[in-house]
Amino acid sequence: MFGKYRIKSKFRFTIFLSIIVLVIGVFLSSTMGLNDAVGVSRSAYKTVTVASGDTLWSIAERYADDKTDLREFVYEIAELNDIHNGVICAGQSLSIPEL
């Protein structure tokens, strides 16, 4: 019924098996959602206008939740708005990541 198969080149057979395992792994990881990127980047932002007397810290305290590290949140706001020296002005619009 089934004929005997013979491996003529172990190297080619190993490459073939490696490719098959790789393809199956990629397929399974994509169908199971294992390749979803999860990180600190956020996709939703709100725009805030800076009031007189506001600082990055006070804005971060106002919009951060209890689980958020304020230092990281201040850094993220500064990076998002290209603020290098920490100076903000009244009337300036800032993008704030929504938590």
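From the N terminus on, the elements of the protein chain follow the order α-β-α-α-β, that is, 3 helices and 2 strands, where helices (H or I, at least four residues) and strands (E, at least two) are DSSP runs numbered from the N terminus. The model is a predicted one, in which local features need pLDDT of at least 70 and side-chain atom pairs count only at pLDDT 80 or more, while totals for chains, interfaces and linings use all residues. Residues are numbered from 1 along each chain as its sequence is written, and side-chain values use heavy atoms, with hydrogens and water left out.

- Of the 99 residues in the protein chain, 20% are buried, buried meaning under 20% relative accessible area, exposed over 50%, and partly exposed in between (1.4 Å probe, protein chains only).
- The accessible surface of the chain, from the Shrake-Rupley method with a 1.4 Å probe and, for residues, with only the protein chains shown counting as cover, comes to about 8,300 Å², and carbon and sulfur atoms account for 59% of that area.
- When contacts (heavy atoms within 4.5 Å) are taken between residues at least 6 apart in sequence, 59% of them join residues at least 24 apart.

- Helix α2, spanning residues 56-63, has L56, I59 and A60 as its buried residues.
- Seen down the axis of α2, these buried residues fall within an arc of 100°, so they line one face of the helix; the arc is that of the directions from the helix axis to the C-beta atoms.
- The cover over the buried residues of α2 includes α3 (70-80) and β2 (93-97).
- Leaving aside residues up to four places away in sequence, I88 touches V50, D54, T55, L56, I59, I83 and L94.

**Salt bridges**

- The whole structure holds 2 salt bridges, each defined as a side-chain nitrogen of Lys or Arg within 4 Å of a carboxyl oxygen of Asp or Glu.
- D54 pairs with R62 in a salt bridge whose closest N and O atoms are 2.9 Å apart; D54 counts as buried at 16% relative accessibility, whereas R62 is partly exposed at 46%.
- D69 and R71 form a salt bridge through their side chains, at 3.4 Å from N to O; D69 is partly exposed at 28% relative accessibility, and R71 is exposed at 59%.

**Surface features**

- A nonpolar patch on the surface is formed by I7, F13, F16, L17, I20, I24, F27, L28 and M32, with about 880 Å² of accessible area together.
- Patches are made of residues with over 30% relative accessible area and no salt bridge, like charges being joined within 9 Å and nonpolar side chains (Val, Leu, Ile, Met, Phe, Trp, Tyr) within 5 Å.
- Y75 lies in helix α3 and counts as exposed at 56% relative accessibility, and its C-alpha atom is separated by 9.7 Å from that of W57, 18 residues apart along the chain.
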